[in-house]
Structures are given as C-alpha cells and as structure tokens.
Amino acid sequence: QVQLVESGGGLVQSGGSLRLSCAASGIIFSINRMGWYRQAPGKQRELVATINSFGNPNYADSVKGRFTISKDNAKNTLYLQMNSLKPEDTATYYCNVNRIYNTIGIDYWGKGTLVTVSS
C-alpha cells in the first residue's frame, strides 16, 4: 500500500502562486509515475501534470508554462509549483501514484487539497 498526504492548498488571488506537496509513505518502490490531478465542482477529475520514473514531466495544455511538477526522491515527496493562478484553476488537487505490481499498474490517491483562486 501507498499512503499519500497532500498539503499546501488554500485561498489565493488571481495571479498569485501556491506550492502543493505530496508526502508518500508505505510501499514506495516500483513506482511508474507520480502526478497531480484536479477536480472542480461539477466537473470530472482531470490530469494536471505527471512525472515518470526518469523525471520526465508531462503537463496539461491549460497549465503549461505556469505549473511545474517536481519530486524529491530522498524525501519521497512530490511537488506542484503553481504560478500565475487563474480562477479556473480552482479545484481540489489530488496526488496520484501509479505503481507496478506483477506487471499491473495500480493507482493510489491522496484525499486532496483545495485550491481556491479569487478574481
């Protein structure tokens, strides 16, 4: 099992910045990919950014150039630096880990952290 705890959400004005953190614990080897997803009220959960085991990032078009995903392997922590925030970035942000077990990818999720961007 993998446990994920997000932090760093809050209320920020449009144009501001926030840094989300996700602390991972438990069985944290054989990790294929880590990432951030978000879900706004009344909408489906969507990908924000992922980073694979080689450290290669992938971003949703809506956040490219504004958000940066990174990880600290020594601290088992994933980060999401969010700059130039917009009201449409308002959502609950979830940390995700995809771990390979017996050739099968298994997803683990945190409980989420709320980000609210005021206009």
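## Salt bridges

A salt bridge is a side-chain nitrogen of Lys or Arg within 4 Å of a carboxyl oxygen of Asp or Glu. In this predicted model, local features need pLDDT of at least 70 and side-chain atom pairs pLDDT 80 or more, while totals for chains, interfaces and linings use all residues. Residues are numbered from 1 along each chain as its sequence is written, and side-chain values use heavy atoms, leaving out hydrogens and water.

Four salt bridges are found in the whole structure. One of them joins the side chains of Arg 38 and Glu 46, at 2.7 Å from N to O. Arg 38 is buried, at 6% relative accessible area, whereas Glu 46 is partly exposed, at 37% (buried means under 20% relative accessible area, exposed over 50%, partly exposed in between; 1.4 Å probe, protein chains only).

Asp 89 and Arg 66 form another salt bridge, with their closest N and O atoms 2.7 Å apart. Asp 89 is buried at 1%, and Arg 66 is buried at 10%. Salt bridges with shared partners link Arg 38, Glu 46, Arg 66 and Asp 89 into one network. Lys 64 also forms a salt bridge with Asp 61, the closest N and O atoms lying 3.1 Å apart; Asp 61 is exposed, at 65% relative accessibility.

## Asn 96

Asn 96 lies in strand S9, residues 91–101 (strands are DSSP runs of E, at least two residues, numbered from the N terminus). Asn 96 is buried, with 1% relative accessibility. Its side chain makes a polar contact with the side chain of Asp 107 at 3.3 Å (a pair of N or O atoms within 3.5 Å; within protein, one must be able to donate a hydrogen and the other to accept it, and residues adjacent in sequence count only if both atoms are side-chain atoms).

Notes. Helix = DSSP H or I, 4+ residues; strand = E, 2+ residues; numbered from the N terminus.
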